[in-house]
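Biologist: Hello! I would like to learn how to read surface features and charged contacts in a model. Could you take me through them?

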Amino acid sequence: MPSLIDIRRRIRSVRNTQQITKAMKMVSAAKLRRAQDRVIASRPYGAALRSLLADVAAAAGGDERVAGHPLLARRPEQRIQLVLITGDKGLAGAFNSNSIKAAQRFAEEHHPAAVDFELIGRKGRDFYRKRQASITGEYVGLAAKVPKEDASAMAGKLMERFKNEEIDAVYLIYNEFKSVMAQKVVIAQVLPMELPKQTEPVDFIFEQPPLEMLEKLLPRYVEIEIYRALLESAAAEHAARMTAMDAATSNASDMIDNLTLYMNRVRQASITKEIIEVVSGAAAAAE
């Protein structure tokens with residue numbers, strides 16, 4: 001049976017850990033609010049861009065050059081570029097492990113195609129470094145600020161590789177923010193692009209030729225898809241960490257209560273034992 005000193009030391013240790021998890025929960029809650037606002041603000045822009053792209057594609061549909069656009073070219077998927085977005089830190093529940101498991105399943109399902117990894121986040125990078133995977137790029141620290149310039153540079157690099165036929169397809173794996181309690185792992189194909197369809201046929205009058213507009217919109221669409229995936233992943237990470245730290249804080253409270261109860265029992269048993277020894281000694285002396 002542990003001594004009272006050992007139990008008090010354990011309670012003090014758990015209480016210190018509880019203060020850390022509570023602080024991390026509050027920090028994640030503050031960051032989540034900002035990240036959530038950015039995600040919600042980006043969704044209407046992405047929807048409007050898809051709608052505009054559908055209208056322009058419908059107007060330029062009769063042009064044979066649309067089907068021959070480099071970003072729309074479909075080839076057998078023998079070389080695949082996989083962009084995996086994970087976090088830079090742990091303590092976020094299954095946030096990172098779910099993304100990495102999805103990437104592993106993706107690579108197994110597309111075997112024997114060669115899969116190149118573009119890794120965003122320290123956790124995914126460390127995982128695939130140890131396994132000596134084919135890594136074409138590493139990005140650490142993007143989740144903190146999610147700069148638009150870095151997303152554009154990454155999109156430009158991927159589009160250039162696709163145009164040069166170094167790769168046949170580009171896929172994204174990231175956690176989509178649903179709510180504070182729920183995040184969903186998404187596997188999305190970025191290249192070759194699938195032009196969205198018009199929901200309602202509308203006859204627009206364009207000042208510029210639709211094909212020229214399509215040339216500008218297609219790269220922008222790829223940039224926005226990658227940027228939105230980064231925003232979604234950042235918000236999902238903060239939500240997952242806040243939920244995990246909230247559960248850890250609650251578990252620490254339960255552990256402190258159980259240890260305190262156990263300490264009281266040990267102390268009571270010690271007192272009872274001492275009383276019995278005193279009574280036994282007094283009875284022996286009286287005889």
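Modeller: Gladly! Patches are built from residues that have over 30% relative accessible area and no salt bridge, joining like charges within 9 Å and nonpolar side chains (Val, Leu, Ile, Met, Phe, Trp, Tyr) within 5 Å. The areas come from the Shrake-Rupley method with a 1.4 Å probe, and for residues only the protein chains shown count as cover. This is a predicted model, where local features need pLDDT of at least 70 and side-chain atom pairs count only at pLDDT 80 or more, while totals for chains, interfaces and linings use all residues. Residues are numbered from 1 along each chain as its sequence is written, and side-chain values use heavy atoms, leaving out hydrogens and water.

Biologist: Which residues form a nonpolar patch on the surface?

Modeller: Ile271, Ile275 and Val279 do, with about 260 Å² of accessible area together. Val279 belongs to helix H7 (residues 210-286); helices are DSSP runs of H or I with at least four residues, strands are runs of E with at least two, and both are numbered from the N terminus.

Biologist: Is Val279 buried or exposed?

Modeller: Buried means under 20% relative accessible area, exposed over 50%, and partly exposed in between (1.4 Å probe, protein chains only). Val279 has 52%, so Val279 is exposed.

Biologist: How many salt bridges are there?

Modeller: A salt bridge is a side-chain nitrogen of Lys or Arg within 4 Å of a carboxyl oxygen of Asp or Glu. That rule gives 19 salt bridges. In one of them, Glu194 pairs with Arg74, with the closest N and O atoms 2.6 Å apart. Glu194 sits in the loop between strand E5 (183-191) and H7, and Arg74 in the loop between helix H2 (64-67) and strand E1 (79-85), so the pair ties together parts 120 residues apart in sequence. Both Glu194 and Arg74 are exposed.

Biologist: What does Glu118 form a salt bridge with?

Modeller: Its partner is Lys157, and the closest N and O atoms are 3.0 Å apart. Because Glu118 lies in strand E2 (residues 114-120) and Lys157 in helix H6 (residues 148-163), the pair ties together parts that are 39 residues apart in sequence. Glu118 counts as buried at 0% relative accessibility, whereas Lys157, at 30%, counts as partly exposed.

Biologist: Which residues are linked in a network of salt bridges?

Modeller: Arg43, Arg50, Glu225, Arg228 and Glu232 are linked in this way.
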